[in-house]
Amino acid sequence: MEQLFDFLDRSVSPYHAVDEAKKRLKDHGFVSLDENQPWSLEPKGRYFVTRNQSGILAFVLPEGKIDAYHMTASHSDSPTFRIKKNKQTGKYYARAEVEGYGGMIMSSWMDRPLGLAGRVLIRTEDGLESKLIAPDQDIFVIPNLAIHFNREINKGYRYNPQIDLQPVYGDSECDLTKYLLEKLGIEEEALVDFDLVLVVRQKAVTVGVDQEFYMAPRIDDLACAYTTLEGFLRGNESTVVDNKNKRPSIASFWCMFDNEEVGSGTRQGALGNFLVQTLERVESFCGMSQEERACARNRSIVLSVDNAHATHPNLPEKSDSEFPVILNRGVVVKYNASQKYTTTGMTASIFEEICRRNEKIPVQHFVNRADAPGGSTLGNLLSHSFSVPMVDIGLAQLAMHSAVETAGCDDVHYMIEAIERFYESSIIQIEDGAWKW
């Protein structure tokens with residue numbers, strides 16, 4: 001839990017989440033690749049590549065040609081407010097101009113200390129470079145209107161983001177640009193642009209009589225990003241292929257895409273070509289023909305890993321009472337009849353069999369009420385370009401898309417164990433509708 005908390009606390013933007021993942025991968029012997037340069041790969045090699053500094057793919061190659069892929073996919077972004085081009089506004093206070101990113105619970109962002117994080121683009125003699133920034137300082141506040149001026153607020157209030165949710169960061173003489181220049185130690189002419197967001201700087205903590213729950217910002221989906229990364233690293237401690245038992249030659253991939261909260265339609269998102277282009281380069285290195293590539297992909301399986309709604313203790317009627325999802329009761333397999341989740345009976349069975357075979361990792365099921373539309377995630381969007389069998393799973397949580405969310409400590413261990421066993425397994429599809437260990 002301490003390592004998860006450290007990851008959550010440090011990953012204050014997608015850029016920082018990727019940076020933290022890179023550090024962990026390097027510690028485990030993974031080599032950095034650059035999309036802009038030719039690749040030189042080796043059998044059983046361990047590599048990672050980034051795109052836009054906010055998406056990352058890591059992979060472990062087998063010894064020979066690839067028979068199949070085992071993959072997990074999560075995302076680096078969370079709902080927040082993005083700072084527009086800096087323009088000081090406000091007659092009495094310095095007020096930033098922000099725009100909502102993703103579907104957050106707006107009221108949860110009010111009356112709490114907020115920081116900023118992201119990247120700043122700097123002009124150099126040779127061109128442009130980016131620097132990550134996340135000052136250890138509470139800077140912003142979005143103040144609520146006093147109840148004396150809005151007596152009906154507790155009966156429900158429709159927030160207008162342009163009016164109600166603009167943050168204050170100082171008196172009228174303060175200037176955000178000057179603040180950035182001081183923190184970066186650069187002159188004004190060097191500052192070109194930035195990608196900055198508001199950040200809830202509250203640290204991750206455990207709660208409950210037995211400390212069985214934890215609360216933190218960005219649990220969706222960084223908790224899944226961390227647990228899948230940890231399971232990926234543990235499950236790939238050895239890349240030796242057991243040729244005596246004719247174990248399939250499987251390539252393991254860990255994927256963390258950006259922009260899921262706004263539809264994934266970017267080059268670093270699940271709808272982009274980041275994964276497919278990387279696969280093409282890997283397959284070319286392995287000397288695989290078009291026929292071999294098609295066979296390998298169709299033998300593969302992907303776990304789309306994004307958090308799931310737990311049954312709310314005060315409003316259980318919002319969930320299907322026949323399928324309760326409870327914190328600390330196991331990994332959640334997610335179903336949706338409209339295929340917003342990719343789970344089928346077949347792919348769910350594969351994942352649940354992995355869990356059953358390995359110390360009986362508990363599994364629970366999320367389904368929507370028949371009279372309520374559900375959410376979606378990146379799995380069905382990723383399948384537009386990489387159409388392989390997939391299953392949607394996640395960690396149960398409360399208050400999804402709140403500024404601070406709640407989840408169960410035991411579930412973190414269950415997910416890591418499940419992902420580790422998945423990567424250790426040799427499961428592949430041998431024919432349509434039949435899978436073999």
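## Terms and basis

Helices (H or I, at least four residues) and strands (E, at least two) are DSSP runs, numbered from the N terminus. On a 1 Å grid over the protein atoms alone, a cavity is a set of points where a 1.4 Å probe fits but cannot get out, and lining residues have an atom within 4 Å of a point. Grid points are joined across faces, edges and corners, and a volume is the space filled by probe spheres set on the points.

The model is predicted, so local features need pLDDT of at least 70 and side-chain atom pairs count only at pLDDT 80 or more, while totals for chains, interfaces and linings use all residues. Residues are numbered from 1 along each chain as its sequence is written, and side-chain values use heavy atoms, with hydrogens and water left out.

## The largest cavity

Two cavities of 30 Å³ or more are counted, and the largest has a volume of about 220 Å³. Its lining consists of 24 residues, with S78, P79, T80, W109 and R218 lying nearest the centre. Two or more lining residues come from each of β5 (80–83), β11 (191–200) and α5 (219–235), and β11 gives the most, with four.

By class, this lining has twelve nonpolar, seven polar and five charged residues (nonpolar: Ala, Val, Leu, Ile, Met, Phe, Trp, Tyr, Cys and Pro; charged: Asp, Glu, Lys and Arg; polar: the others, Gly among them).

## The second largest cavity

The second largest cavity holds about 30 Å³ of space and is lined by P14, Y15, R82, D195, L196 and V197.

How values were computed:
1 Å grid on protein atoms, 1.4 Å probe; cavity = no way out; pocket = protein on both sides within 12 Å on 5 of 7 lines; lining within 4 Å.
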